[in-house]
Amino acid sequence: MVEGELHIKPLSSNKAWQGRRFSTTEKKRYEEEVLLSLQKPQDALQGDLELELVFYLVHPKRSDVDNLVKIQQDLLQKRGFFKNDNQIVSLIARKEQADIESWSFKIYGMTNIFRIRGGQR
């Protein structure tokens with residue numbers, strides 16, 4: 001398991017993009033701050049992974065949790081915690097009320113995953 005906590009307000013995907021293709025200045029600054037705050041792992045995690053994200057927000061009901069997930073997930077990949085975000089086969093994301101905005105993550109290697117196909121395990 002790999003885990004971390006960043007005392008940086010999480011950025012929503014609503015504030016990350018201009019149109020469909022261009023990053024906002026706010027996203028570029030946020031990305032730089034997060035990447036400088038995260039220590040690069042020695043090796044990227046391999047195989048199927050579960051990602052748990054917790055967003056600590058002053059006003060949690062003002063943000064959609066799915067808009068918070070993508071930016072943070074992409075930055076964890078960019079920092080080298082895993083090679084491709086398609087390795088994430090399980091995702092847990094939640095918002096919690098807090099006085100100071102921040103976010104934390106845990107990444108678990110998945111073992112003994114049952115895939116159900118046609119009613120069979």
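Which residue in strand 5 is the bridge partner of Phe-55? In this predicted model, the bridge partner of Phe-55 is Lys-95 of strand 5. Strand 4, spanning residues 49–57, runs parallel to strand 5, and nine bridges join the two.

This pairing belongs to an open sheet of four strands, arranged in the order 1-6-4-5 with mixed pairing. The edges of the sheet are formed by strand 1 (2–6) and strand 5 (88–97), each of which pairs on one side only. From one strand to the next, the twist averages 10°. Strands of a sheet pair through backbone hydrogen bonds, in either a parallel or an antiparallel manner. Helix 2 lies across strand 4, strand 5 and strand 6 (102–109), and its direction is at about 120° to that of strand 4.

The largest pocket holds about 390 Å³ of space. Its lining comprises 19 residues, of which Lys-9, Pro-10, Ser-12, Lys-15 and Ser-63 are the closest to the pocket centre. Two or more lining residues are contributed by each of helix 1 (25–37) and helix 2 (65–79). Helix 1 provides the largest share of the lining, namely four residues. In terms of residue class, the lining of the largest pocket consists of eight charged, six nonpolar and five polar residues.

Terms used: Residues numbered from 1 in each chain as written. Predicted model: local features only at pLDDT ≥ 70, side-chain atom pairs only at ≥ 80, totals over all residues. Heavy atoms only, no water. 1 Å grid on protein atoms, 1.4 Å probe; cavity = no way out; pocket = protein on both sides within 12 Å on 5 of 7 lines; lining within 4 Å. Points joined across faces, edges and corners; volume = space filled by probe spheres on them. Nonpolar A, V, L, I, M, F, W, Y, C, P; charged D, E, K, R; others polar. Pairing = 2+ DSSP bridges. Axes fitted to C-alpha atoms, helices over the stretch in contact; angles between N-to-C directions. Contact = heavy atoms within 4.5 Å.
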